[in-house]
Amino acid sequence: MNTVSLANELSTNTYPGRGIVIGKSKDGKYAVIAYFIMGRSVNSRNRIFEENDRGGIRTKAFDESKMEDPHLIIYNPVLKLDGKTIVTNGDQTDTIYDFMQEGHCYRHALLTREYEDDAPNYTPRISAVVKPNGDYVMSILKSNMGMPECVRYFYEYPAHAGLGHFLHTYKCDGNPIPSFEGEPTPVEIDGDIDTFTAMVWDNLNEDNKVSLFTRFIDLENGTEETRIINKNQ
C-alpha cells in the first residue's frame, strides 16, 4: 500500500464514522494521535469531548435534555495506563484498560468483545494502543460481510517518522452503513499539533463532524500536548 494524504482521505468521504489516526511526527520527536466522532442522528450529534481523570477523554451529552439513549455513544475514548495510551470508539477502552492492568494484552481484552449491537449496521469496534516508544497496535472487530458473526483483525506497527495509519468504522455513508474494509490506511503525518489538528478538523464533513481529540507525546520525556475541538460549544 502507498502512503496517502490524510486530508484527502477525510475530505472525500462524507461519513467515515468514528476514526483513529496513530503515527509519528515528521521530525521523529512525537507520537501522534487523533480520534474523531461523527453523527447522523440528533442523539449522536449531541455530544462533546471533555477530559477525564485517567489521562484521556470521555464523551458527554452537550444538552442533557436531548439525550435519548446513552448506549454506545457515552464512553471513554482515551485512557492512559503505565505510559501506554488506549484509544477506541467505545466502552472497549475500559475493557482493554482493565485487562492490561491485570497483566494481559489488548488482544486478550478484545477477544471478549465484538462489533456493536446496532443491527443492521453492526458498527465495528476500532481500537489502538500507543506504546511509550511510539510503536502502536490497532484492531478492528466487525461483522463477517454484514452477517451477524464477528471477525477480528489485529495489526502491529513500528513507528516511522512522518507515517501514520488511519482506521475508521465505515467505508462510506449508506443504509445500512458499510463497514470499513481492508487494512488501516497508511497516511502522511506532517506539521505541529495545531497544524495537524486544523487539517483533520477542516477536512471532516461539515454536516456530520462532532468532536476531535489530538495528542502529541514527546518520545524523549513523555510530556503531552492535547487539543479538543467540539462542534457544540
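**Pockets and ring contacts in a predicted model**

By class, the lining of the largest pocket comprises 6 nonpolar, 9 polar and 6 charged residues, where Ala, Val, Leu, Ile, Met, Phe, Trp, Tyr, Cys and Pro count as nonpolar, Asp, Glu, Lys and Arg as charged, and the others, Gly among them, as polar. The structure is a predicted model, in which local features need pLDDT of at least 70 and side-chain atom pairs count only at pLDDT 80 or more, whereas totals for chains, interfaces and linings use all residues. Residues are numbered from 1 along each chain as its sequence is written, and side-chain values use heavy atoms, with hydrogens and water left out.

The largest pocket is lined by 21 residues, and those nearest its centre are S41, S44, I73, D118 and Y170. A pocket is here an open set of points, on a 1 Å grid over the protein atoms alone, where a 1.4 Å probe fits, with protein on both sides within 12 Å along at least five of seven lines, and lining residues have an atom within 4 Å of a point. The volume of the largest pocket is about 370 Å³, a volume being the space filled by probe spheres set on the points, which are joined across faces, edges and corners.

For the second largest pocket, the volume is about 240 Å³. This second largest pocket is lined by 16 residues, of which S143, M145, G146, P178 and S179 are the closest to its centre. Its lining divides into 9 nonpolar, 5 polar and 2 charged residues. Strand 8 (136–144) and strand 9 (147–157) each supply at least two of the lining residues, and the largest share, 3 residues, comes from strand 8; helices (H or I, at least four residues) and strands (E, at least two) are DSSP runs, numbered from the N terminus.

The structure also holds 9 aromatic pairs, that is, rings of Phe, Tyr and Trp (its six-membered ring) whose centres lie within 6.5 Å, with planes under 30 degrees apart counted as stacked, over 60 as edge-to-face and the rest as tilted. One of the aromatic pairs is formed by Y30 and F216, and it is tilted, at 5.7 Å centre to centre and 45° between the planes. This pair links distant parts of the chain, with Y30 in strand 2 (residues 30–38) and F216 in strand 12 (residues 209–218), 186 residues apart. Y30 is partly exposed, with a relative accessible area of 24%, whereas F216 is buried, at 4%; buried means under 20% relative accessible area, exposed over 50%, and partly exposed in between (1.4 Å probe, protein chains only). The rings of Y35 and F49 lie 5.9 Å apart at their centres with their planes at 25°, so this pair is stacked. Y35 belongs to strand 2 and F49 to strand 3 (residues 47–51), 14 residues apart. Y35 is buried at 0% relative accessibility, and F49 is buried at 3%.

The charged end of R40 sits over the ring of Y15, 5.5 Å from its centre, and R54 lies over the face of Y97, at 4.7 Å from the ring centre.

Terms used: Lys NZ or Arg CZ within 6 Å of the ring centre and 35° of its normal.
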